[in-house]
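I opened this entry to look up a few things in one structure. My notes follow in the order I took them.

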Amino acid sequence: MGFHTYDVGNADALDDPSRFRFLSVEELLSLFDPRGTIADLGSGTGFYTDEVAPHAETVYAVDVQAEMHDHYRQKGIPGNVSVVTAEIDDLPFEDGALDGAFSTMTYHEFASEAALTELARVVAPGGSVGIADWSRNGAGTEGPPTSERYSLADARQAFTGNEGFTVEQGDERFETFVLSVRRTADQKSGRSSGGS
Ligand SMILES: C[S@@+](CC[C@H](N)C(=O)[O-])C[C@H]1O[C@@H](n2cnc3c(N)ncnc32)[C@H](O)[C@@H]1O
(Lines give C-alpha, C1' and ligand atoms only; values in the text may rest on other atoms or scores of the structure.)
Protein backbone atom coordinates (compact mmCIF):
# COMPACT_ATOMS: atom_id res chain seq x y z
CA MET A 1 0.00 0.00 0.00
CA GLY A 2 1.11 3.56 0.26
CA PHE A 3 1.98 5.49 -2.87
CA HIS A 4 0.41 4.55 -6.19
CA THR A 5 -1.31 6.69 -8.75
CA TYR A 6 -4.84 6.84 -10.08
CA ASP A 7 -5.40 5.87 -13.72
CA VAL A 8 -5.55 9.20 -15.58
CA GLY A 9 -7.59 7.51 -18.29
CA ASN A 10 -10.35 7.20 -15.70
CA ALA A 11 -10.18 10.84 -14.63
CA ASP A 12 -13.70 11.55 -15.93
CA ALA A 13 -15.08 9.17 -13.30
CA LEU A 14 -13.81 11.52 -10.60
CA ASP A 15 -16.17 14.23 -11.83
CA ASP A 16 -19.31 12.11 -11.43
CA PRO A 17 -21.71 13.95 -9.06
CA SER A 18 -22.98 10.60 -7.74
CA ARG A 19 -19.74 10.56 -5.70
CA PHE A 20 -21.46 12.89 -3.23
CA ARG A 21 -23.30 9.77 -2.05
CA PHE A 22 -20.08 8.73 -0.31
CA LEU A 23 -18.97 12.14 0.91
CA SER A 24 -21.09 15.28 0.77
CA VAL A 25 -19.57 18.75 0.77
CA GLU A 26 -21.22 19.46 4.13
CA GLU A 27 -19.58 16.36 5.64
CA LEU A 28 -16.20 17.31 4.21
CA LEU A 29 -16.41 20.86 5.58
CA SER A 30 -17.23 19.46 9.03
CA LEU A 31 -13.88 17.63 9.14
CA PHE A 32 -11.59 20.66 9.03
CA ASP A 33 -11.74 24.46 9.05
CA PRO A 34 -11.60 25.53 5.38
CA ARG A 35 -10.81 29.18 6.11
CA GLY A 36 -7.32 30.47 5.30
CA THR A 37 -4.61 28.73 3.27
CA ILE A 38 -5.53 25.11 2.66
CA ALA A 39 -4.08 22.19 0.72
CA ASP A 40 -6.08 19.47 -1.01
CA LEU A 41 -3.84 16.40 -0.76
CA GLY A 42 -4.21 14.34 -3.93
CA SER A 43 -6.60 16.74 -5.64
CA GLY A 44 -7.11 14.77 -8.87
CA THR A 45 -9.42 16.65 -11.22
CA GLY A 46 -10.38 19.14 -8.50
CA PHE A 47 -13.84 17.66 -7.88
CA TYR A 48 -13.77 18.47 -4.14
CA THR A 49 -11.24 21.32 -4.48
CA ASP A 50 -13.92 23.31 -6.31
CA GLU A 51 -16.32 22.79 -3.41
CA VAL A 52 -13.84 23.90 -0.74
CA ALA A 53 -12.43 26.89 -2.67
CA PRO A 54 -15.39 29.27 -2.02
CA HIS A 55 -14.77 28.91 1.74
CA ALA A 56 -10.99 29.33 1.68
CA GLU A 57 -8.63 32.19 1.02
CA THR A 58 -6.20 30.07 -0.98
CA VAL A 59 -6.27 26.40 -1.92
CA TYR A 60 -3.23 24.49 -3.15
CA ALA A 61 -4.40 21.54 -5.23
CA VAL A 62 -1.56 19.06 -4.70
CA ASP A 63 -1.23 16.07 -6.98
CA VAL A 64 1.76 14.02 -8.07
CA GLN A 65 0.33 13.54 -11.57
CA ALA A 66 0.61 16.63 -13.77
CA GLU A 67 -1.97 15.06 -16.11
CA MET A 68 -4.58 15.43 -13.36
CA HIS A 69 -3.85 19.15 -13.24
CA ASP A 70 -4.22 19.29 -17.05
CA HIS A 71 -7.66 17.77 -16.62
CA TYR A 72 -8.50 20.32 -13.92
CA ARG A 73 -7.28 23.20 -16.13
CA GLN A 74 -9.58 22.04 -18.93
CA LYS A 75 -12.55 22.27 -16.56
CA GLY A 76 -11.46 25.70 -15.30
CA ILE A 77 -9.60 26.37 -12.06
CA PRO A 78 -11.07 28.89 -9.56
CA GLY A 79 -9.03 32.08 -9.09
CA ASN A 80 -7.96 31.22 -5.52
CA VAL A 81 -6.74 27.72 -6.41
CA SER A 82 -3.14 27.00 -7.45
CA VAL A 83 -2.11 23.61 -8.71
CA VAL A 84 1.04 22.07 -7.25
CA THR A 85 2.68 19.00 -8.74
CA ALA A 86 4.30 17.23 -5.80
CA GLU A 87 4.23 14.16 -3.63
CA ILE A 88 2.67 14.52 -0.22
CA ASP A 89 5.83 13.33 1.50
CA ASP A 90 7.82 16.17 -0.14
CA LEU A 91 5.70 19.32 -0.23
CA PRO A 92 7.09 22.62 -1.60
CA PHE A 93 5.72 24.69 1.29
CA GLU A 94 7.46 26.55 4.12
CA ASP A 95 7.11 25.23 7.67
CA GLY A 96 3.65 26.11 9.02
CA ALA A 97 2.55 27.65 5.70
CA LEU A 98 -0.87 26.01 5.76
CA ASP A 99 -3.82 26.75 8.04
CA GLY A 100 -5.23 23.33 7.24
CA ALA A 101 -5.53 20.51 4.74
CA PHE A 102 -7.93 17.88 3.54
CA SER A 103 -7.86 14.74 1.48
CA THR A 104 -10.67 12.83 -0.20
CA MET A 105 -10.43 9.18 -1.23
CA THR A 106 -6.64 9.37 -1.41
CA TYR A 107 -5.29 8.53 2.06
CA HIS A 108 -4.75 4.90 0.98
CA GLU A 109 -2.45 6.17 -1.80
CA PHE A 110 -0.15 8.34 0.30
CA ALA A 111 -0.34 6.90 3.84
CA SER A 112 3.18 6.66 5.23
CA GLU A 113 5.10 7.96 8.21
CA ALA A 114 7.05 10.24 5.88
CA ALA A 115 3.86 11.79 4.48
CA LEU A 116 2.38 12.45 7.92
CA THR A 117 5.66 13.95 9.14
CA GLU A 118 5.74 16.23 6.09
CA LEU A 119 2.13 17.22 6.70
CA ALA A 120 2.97 18.07 10.31
CA ARG A 121 5.79 20.28 9.04
CA VAL A 122 3.66 22.36 6.68
CA VAL A 123 0.45 22.71 8.74
CA ALA A 124 0.69 25.45 11.38
CA PRO A 125 0.14 24.49 15.04
CA GLY A 126 -3.60 24.46 15.74
CA GLY A 127 -4.44 23.79 12.09
CA SER A 128 -6.98 21.13 11.23
CA VAL A 129 -6.76 18.28 8.75
CA GLY A 130 -9.74 16.32 7.45
CA ILE A 131 -9.42 12.90 5.86
CA ALA A 132 -12.13 10.90 4.11
CA ASP A 133 -11.36 7.63 2.37
CA TRP A 134 -12.67 4.23 1.41
CA SER A 135 -12.59 1.94 4.47
CA ARG A 136 -10.95 -1.46 4.63
CA ASN A 137 -14.16 -2.54 6.38
CA GLY A 138 -16.35 -1.46 3.45
CA ALA A 139 -17.94 -3.85 1.00
CA GLY A 140 -15.53 -2.87 -1.77
CA THR A 141 -18.10 -2.66 -4.54
CA GLU A 142 -16.91 0.91 -5.27
CA GLY A 143 -13.42 2.36 -4.93
CA PRO A 144 -10.14 0.44 -4.68
CA PRO A 145 -9.91 -3.22 -3.57
CA THR A 146 -10.33 -3.57 0.19
CA SER A 147 -6.79 -5.00 0.40
CA GLU A 148 -5.48 -1.57 -0.63
CA ARG A 149 -7.51 0.37 1.92
CA TYR A 150 -7.10 1.36 5.55
CA SER A 151 -9.69 1.35 8.31
CA LEU A 152 -10.48 4.23 10.62
CA ALA A 153 -8.52 2.40 13.34
CA ASP A 154 -5.47 2.17 11.04
CA ALA A 155 -5.60 5.88 10.17
CA ARG A 156 -6.26 6.88 13.77
CA GLN A 157 -3.25 4.85 14.89
CA ALA A 158 -1.03 6.41 12.21
CA PHE A 159 -1.92 9.97 13.24
CA THR A 160 -1.82 9.15 16.96
CA GLY A 161 1.65 7.71 16.45
CA ASN A 162 2.86 10.95 14.90
CA GLU A 163 3.69 13.51 17.56
CA GLY A 164 2.63 16.32 15.20
CA PHE A 165 -1.07 15.47 15.43
CA THR A 166 -3.90 14.92 17.90
CA VAL A 167 -6.90 12.92 16.73
CA GLU A 168 -10.14 14.81 17.39
CA GLN A 169 -12.90 12.67 15.89
CA GLY A 170 -13.50 9.84 13.50
CA ASP A 171 -16.32 7.79 12.12
CA GLU A 172 -16.40 4.44 10.38
CA ARG A 173 -19.29 4.40 7.91
CA PHE A 174 -20.75 1.86 5.47
CA GLU A 175 -18.08 2.22 2.75
CA THR A 176 -15.90 5.04 4.00
CA PHE A 177 -14.27 6.48 7.10
CA VAL A 178 -13.73 10.09 8.09
CA LEU A 179 -11.11 11.46 10.46
CA SER A 180 -10.38 14.92 11.88
CA VAL A 181 -6.96 15.64 13.33
CA ARG A 182 -5.35 18.78 14.66
CA ARG A 183 -1.74 19.89 14.40
CA THR A 184 -0.44 19.85 17.96
CA ALA A 185 1.70 22.40 19.77
CA ASP A 186 5.00 23.22 18.20
CA GLN A 187 7.46 22.62 21.02
CA LYS A 188 10.22 24.59 19.31
CA SER A 189 8.19 27.77 18.87
CA GLY A 190 5.98 27.24 21.91
CA ARG A 191 2.90 28.04 19.83
CA SER A 192 -0.05 26.13 21.26
CA SER A 193 -2.72 24.20 19.42
CA GLY A 194 -6.45 24.64 19.52
CA GLY A 195 -6.48 28.42 19.81
CA SER A 196 -7.99 29.92 16.73
C1 LIG B 1 -8.46 8.51 -6.20
S2 LIG B 1 -7.84 10.02 -6.80
C3 LIG B 1 -8.86 11.14 -5.83
C4 LIG B 1 -8.80 12.56 -6.29
C5 LIG B 1 -9.59 13.58 -5.47
N6 LIG B 1 -9.10 13.66 -4.11
C7 LIG B 1 -11.07 13.28 -5.47
O8 LIG B 1 -11.61 12.83 -4.46
O9 LIG B 1 -11.70 13.51 -6.53
C10 LIG B 1 -6.25 10.14 -6.00
C11 LIG B 1 -5.36 11.25 -6.50
O12 LIG B 1 -4.24 11.36 -5.60
C13 LIG B 1 -3.04 11.47 -6.32
N14 LIG B 1 -1.98 10.93 -5.49
C15 LIG B 1 -1.79 9.65 -5.11
N16 LIG B 1 -0.74 9.54 -4.30
C17 LIG B 1 -0.22 10.77 -4.17
C18 LIG B 1 0.92 11.30 -3.47
N19 LIG B 1 1.71 10.50 -2.74
N20 LIG B 1 1.18 12.61 -3.56
C21 LIG B 1 0.36 13.42 -4.31
N22 LIG B 1 -0.71 12.98 -5.00
C23 LIG B 1 -1.01 11.68 -4.93
C24 LIG B 1 -3.29 10.70 -7.60
O25 LIG B 1 -2.45 11.14 -8.64
C26 LIG B 1 -4.78 10.98 -7.87
O27 LIG B 1 -4.96 12.10 -8.69
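**Ligand site**

I began with the ligand and found a polar side-chain atom of Arg19 at 2.7 Å from one of the ligand's oxygen atoms. The model is a predicted one. A backbone N or O atom of Gly42 lies 2.6 Å from a ligand nitrogen, and a polar backbone atom of Val64 is 3.1 Å from a nitrogen atom of the ligand. Taken alone, the ligand exposes 590 Å², and the protein buries 97% of that. I listed 22 residues that surround the ligand, and Arg19, Gly42, Asp63, Gln65 and Thr104 are the closest.

**Nonpolar cores**

Next I looked up the largest nonpolar core, which has 30 residues. Phe93, Tyr107, Leu119, Val129, Ile131, Phe159 and Leu179 touch the most other members. Among the elements that each supply at least two residues of this core, I noted strand S1 (37–41), helix H5 (113–122) and strand S5 (123–134). Helix H5 gives the largest share, 5 residues. Leaving out residues up to four places away in sequence, Leu119 touches Leu41, Ala101, Val129, Phe159 and Phe165. I also noted a second, separate core of 22 residues, which includes Phe22, Leu23, Ala53 and Val81.

Is Glu118 buried or exposed? I read a relative accessible area of 10% for Glu118, so this residue counts as buried, the cut-off being under 20%. Glu118 is found in helix H5. Not counting residues up to four places away in sequence, Glu118 touches Ile88, Asp89, Asp90 and Leu91. Arg121 forms a salt bridge with Glu118, with the closest N and O atoms 2.9 Å apart. Because the two are 3 residues apart in helix H5, about one helical turn separates Arg121 and Glu118. Arg121 has 27% relative accessibility and counts as partly exposed.

**Other salt bridges**

I found a count of 9 salt bridges. In one of them, Arg35 pairs with Asp33, the closest N and O atoms being 2.9 Å apart. Arg35 is exposed at 59% relative accessible area, whereas Asp33 is partly exposed at 27%. I also looked up Arg136 and Asp154, whose side chains meet in a salt bridge at 3.6 Å, N to O. This pair links distant parts of the chain, with Arg136 in the loop between S5 and H6, and Asp154 in helix H6, 18 residues apart. Arg136 is partly exposed at 33%, and Asp154 is partly exposed at 27%.

Technical notes: Residues are numbered from 1 along each chain as its sequence is written. This is a predicted model: local features need pLDDT of at least 70, side-chain atom pairs count only at pLDDT 80 or more; totals for chains, interfaces and linings use all residues. Side-chain values use heavy atoms; hydrogens and water are left out. A nonpolar core is a set of buried Ala, Val, Leu, Ile, Met, Phe, Trp, Tyr and Cys residues joined through side-chain atoms within 4.5 Å. Buried means under 20% relative accessible area, exposed over 50%, partly exposed in between (1.4 Å probe, protein chains only). Helices (H or I, at least four residues) and strands (E, at least two) are DSSP runs, numbered from the N terminus. Contact means heavy atoms within 4.5 Å. A residue is near a molecule or strand if one of its heavy atoms lies within 4 Å of it. A polar contact is a pair of N or O atoms within 3.5 Å; within protein, one must be able to donate a hydrogen and the other to accept it, and residues adjacent in sequence count only if both atoms are side-chain atoms. Accessible areas come from the Shrake-Rupley method with a 1.4 Å probe; for residues, only the protein chains shown count as cover. A salt bridge is a side-chain nitrogen of Lys or Arg within 4 Å of a carboxyl oxygen of Asp or Glu.
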